[in-house]
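Hi,

Here is the structure I said I would pass on. Have a look at it first, and my notes follow below.

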Amino acid sequence: GQQQRKPLYDRTHLAKFGEVDIFLSHSWHDDNELKWQALQVWRKEFIRVHGREPVIWLDKACINQRKIEENLACLPTFLS
């Protein structure tokens, strides 16, 4: 059978203060291809400057979509 992919939130990991390089907010209204291209341009420059992959806090991934109300209430804490 086809292997089920883990939900996006289940593929995230905890990060300590100062470990995240960028905060990205997902929007369903953005052009996905243009957004992906812009992110790749930024990523390549980040790797060139820092010599490593960036750590990204993507709200769609880091907010548990199965507990969205609870997680949105904690958003200020997540971002501090």
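A cut-off before anything else: a residue is called buried under 20% relative accessible area and exposed over 50%, with partly exposed in between. Trp42 has 28% relative accessibility, so it counts as partly exposed. Phe46, at 8%, falls under the 20% limit and therefore counts as buried. Keep in mind that this is a predicted model.

Why start with those two? Trp42 and Phe46 form an aromatic pair, and the count for the protein comes to one such pair. Their ring centres are 5.3 Å apart, and with 35 degrees between the planes the pair is tilted. Both residues belong to helix H1, which covers residues 32-50. They sit four residues apart there, about one turn of the helix.

Now for the overall picture. The protein has four helices and two strands, and from the N terminus on the order is β-α-β-α-α-α. Of its 80 residues, 12% are buried. The accessible surface is about 6,900 Å², and carbon and sulfur atoms contribute 56% of that.

On contacts, I looked at those with a separation of 6 or more: 58% of them link residues 24 or more positions apart.

That's what I have for now.

Cheers

Terms used:
Residues numbered from 1 in each chain as written. Predicted model: local features only at pLDDT ≥ 70, side-chain atom pairs only at ≥ 80, totals over all residues. Heavy atoms only, no water. Buried < 20%, exposed > 50% of the residue type's maximum accessible area, 1.4 Å probe, protein only. Contact = heavy atoms within 4.5 Å. Areas by Shrake-Rupley, 256 points an atom, 1.4 Å probe, with all protein chains shown as cover. Phe/Tyr/Trp six-rings, centres within 6.5 Å; stacked < 30°, edge-to-face > 60°.
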